[in-house]
Amino acid sequence: MTSSPWGTYYLLYNNSNGHNCVVAIKDRGAGTATFTEARIQVQGSSTIYRDGNQYKIYAGPVRVYANNKCVQWGGRFSDSAGQTFQTLSGWEHCA
């Protein structure tokens, strides 16, 4: 879990199938449709998996297979004025 002033990102891992999952849940502006994004990338890959759109409460889940690989995860929240706050982790959760 990592927090921003506008919401919280959650990273989950399923040990039985090697998948990581990210969800972005709004705190600020919840109930109003604004751009909300959850994203994840596996280290060594140029592909960024994301779910971003005009959402009222949350974005995601975004799932990716990353068994024994590091991931970078987070996303973006925007308010009704178009201000954006982005949070991305470093390369972590490498198991």
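Let's start at a turn. In the hairpin of S7 and S8, with 5 residues between the strands, glycine 82 has a positive phi near 90 degrees. Strands here are DSSP runs of E, at least two residues, numbered from the N terminus. Two strands pair if DSSP finds at least two bridges between them.

Some ground rules. This is a predicted model, so local features need pLDDT of at least 70 and side-chain atom pairs count only at pLDDT 80 or more, while totals for chains, interfaces and linings use all residues. Residues are numbered from 1 along each chain as its sequence is written, and side-chain values use heavy atoms, with hydrogens and water left out.

Now the sheet around that hairpin. S7 and S8 pair in the antiparallel sense over 5 bridges. Glycine 75 has threonine 87 in S8 as its bridge partner. The open sheet has 4 strands, in the order S5-S4-S7-S8, with antiparallel pairing. S5 and S8 are the edge strands, and each pairs on one side only. From one strand to the next, the twist averages 10 degrees. For such angles, axes are lines fitted to C-alpha atoms, and angles run from 0 to 180 degrees between N-to-C directions.

Next, charges. Side chains of opposite charge can pair when their charged atoms come close. The cut-off here: a side-chain nitrogen of Lys or Arg within 4 Å of a carboxyl oxygen of Asp or Glu. By that rule, we count 3 salt bridges.

Which residues form a network? Glu37, Arg50 and Arg76 are linked by salt bridges. Take arginine 50 and glutamate 37: their closest N and O atoms are 3.1 Å apart. Arginine 50 lies in strand S5 (residues 48-55) and glutamate 37 in strand S4, so this pair ties together parts 13 residues apart in sequence. The other link runs from glutamate 37 to arginine 76, with the closest N and O atoms 3.4 Å apart. Here glutamate 37 is in strand S4 and arginine 76 in strand S7, 39 residues apart.

Buried or exposed? For burial, I use under 20% relative accessible area for buried, over 50% for exposed, and partly exposed in between, with a 1.4 Å probe and protein chains only. Glutamate 37 has 3% relative accessibility, so it counts as buried. Arginine 50 is partly exposed at 45%. Arginine 76 is partly exposed too, at 26%.

Arginine 28 pairs with aspartate 79, and the closest N and O atoms are 3.5 Å apart. This one links two loops: arginine 28 sits between strand S3 (19-26) and strand S4 (34-42), aspartate 79 between strand S7 (71-78) and strand S8 (84-88), and they are 51 residues apart. Arginine 28 is partly exposed, with a relative accessible area of 43%. Aspartate 79 counts as buried, at 16%.

On to aromatics. How many aromatic pairs does a search of the whole structure find? The search finds 2. Rings of Phe, Tyr and Trp (its six-membered ring) pair if their centres lie within 6.5 Å; planes under 30 degrees apart count as stacked, over 60 as edge-to-face, and the rest as tilted.

Tryptophan 6 and phenylalanine 85 have ring centres 6.2 Å apart and planes at 50 degrees, so they are tilted. Tryptophan 6 is in the loop between strand S1 (2-4) and strand S2 (7-14), phenylalanine 85 in strand S8, so the pair ties together parts 79 residues apart in sequence. Tryptophan 6 counts as buried, at 8% relative accessibility. Phenylalanine 85 is partly exposed, at 29%.

Then tyrosine 9 and phenylalanine 77. Their ring centres are 5.0 Å apart, with planes at 35 degrees, so this pair is tilted. Tyrosine 9 is in strand S2 and phenylalanine 77 in strand S7, 68 residues apart. Both residues are buried.

Last, the surface. Tyr10, Leu12, Ile25, Ile57 and Tyr58 make up a nonpolar patch, with about 460 Å² of accessible area together. Nonpolar patches take Val, Leu, Ile, Met, Phe, Trp and Tyr with over 30% relative accessible area and no salt bridge, joined when side chains are within 5 Å. Areas come from the Shrake-Rupley method with a 1.4 Å probe; for residues, only the protein chains shown count as cover. At 31% relative accessibility, isoleucine 25 counts as partly exposed.

Technical notes. Patches are made of residues with over 30% relative accessible area and no salt bridge: like charges are joined within 9 Å, nonpolar side chains (Val, Leu, Ile, Met, Phe, Trp, Tyr) within 5 Å.
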